[in-house]
Amino acid sequence: MSQRSSESDQETSSRPTPANAIGEERILDAAYELLLAIGMRRMTMADIARHAEVSRATLYRRWPNVQAVVAALMTREWTIALVSAFQPDAADGRARLVEGVVEVVAKTRVHPLMRKIIELDPEFLTPYLLERRGSSTVAHLALVEEGIRQGQADGSIRDGDPVWLARQIILVSLASAVSGPVMAEKDEYTKLDEELRVMLTRYLAP
């Protein structure tokens with residue numbers, strides 16, 4: 001192989017990957033690792049780009065700032081939790097919904113991402129708790145509403161507007177997920193889960 005050909009291959013391999021060929025998961029994985037290592041407040045867009053091995057321009061094409069990257073990361077993590085939690089083999093709609101909600105709450109309570117944000121950057125969560133719904137909350141509401149409709153259809157969930165029943169369930173669930181560690185030690189979390197299960201089962205019973 002000629003020297004010129006070798007140099008050409010080297011130049012090609014060192015060129016940055018085109019923005020549209022870089023998977024979002026790669027960038028979010030890098031942000032996840034950084035957030036756990038140094039916290040959101042100390043993390044910069046340059047840090048994320050460097051850790052993901054992409055250019056800052058590529059990063060800014062997708063998200064305007066660190067907060068937006070972390071919001072996308074949280075949406076991904078809780079979408080994964082939602083998909084795995086609501087299983088179709090429950091006895092009826094109410095059991096499926098209750099067990100799914102309890103599982104998501106239990107996972108959220110101990111999730112490394114959530115615990116690190118609460119520990120180092122709790123102000124990031126304030127808008128989502130007090131001012132507006134994030135995309136994760138919107139997805140949770142839609143899933144719970146649909147679960148309520150299914151339970152009402154099979155007679156396992158009482159009559160009522162699914163929208164408002166779902167909102168109340170999300171409010172209770174958020175409190176258990178975020179503030180649970182204030183009320184119980186880690187080895188007592190299963191007691192929180194059991195009380196939430198009893199509460200939701202009775203709340204939804206016909």
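## Annotated region

UniProt positions follow the numbering used here, feature names are shortened, and annotations may be inferred rather than shown by experiment. An unreviewed UniProt entry lists residues 44-63 as "DNA-binding region". In the model, the end C-alpha atoms of this span are 12 Å apart, and 75% of the span is helix and 0% strand. Helices (H or I, at least four residues) and strands (E, at least two) are DSSP runs numbered from the N terminus.

## Basis of the model

The model is predicted: local features need pLDDT of at least 70 and side-chain atom pairs pLDDT 80 or more, while totals for chains, interfaces and linings use all residues. Residues are numbered from 1 along each chain as its sequence is written, and side-chain values use heavy atoms, without hydrogens and water.

## Largest pocket

The largest pocket holds about 480 Å³ of space. A pocket is an open set of points on a 1 Å grid over the protein atoms alone, where a 1.4 Å probe fits, with protein on both sides within 12 Å along at least five of seven lines; lining residues have an atom within 4 Å of a point.

Its lining has 26 residues, with Trp78, Ser136, Thr137, His140 and Leu174 nearest the centre. Helices H5 (66-85), H6 (93-110), H8 (126-130), H9 (135-153) and H10 (162-183) each supply at least two lining residues.

## Second largest pocket

The second largest pocket holds about 240 Å³. Among its 13 lining residues, Arg133, Thr137, Ile170, Leu171 and Leu174 lie nearest its centre. H8, H9 and H10 are the elements that give two or more residues to this lining.

Methods
Grid points are joined across faces, edges and corners, and a volume is the space filled by probe spheres set on the points.
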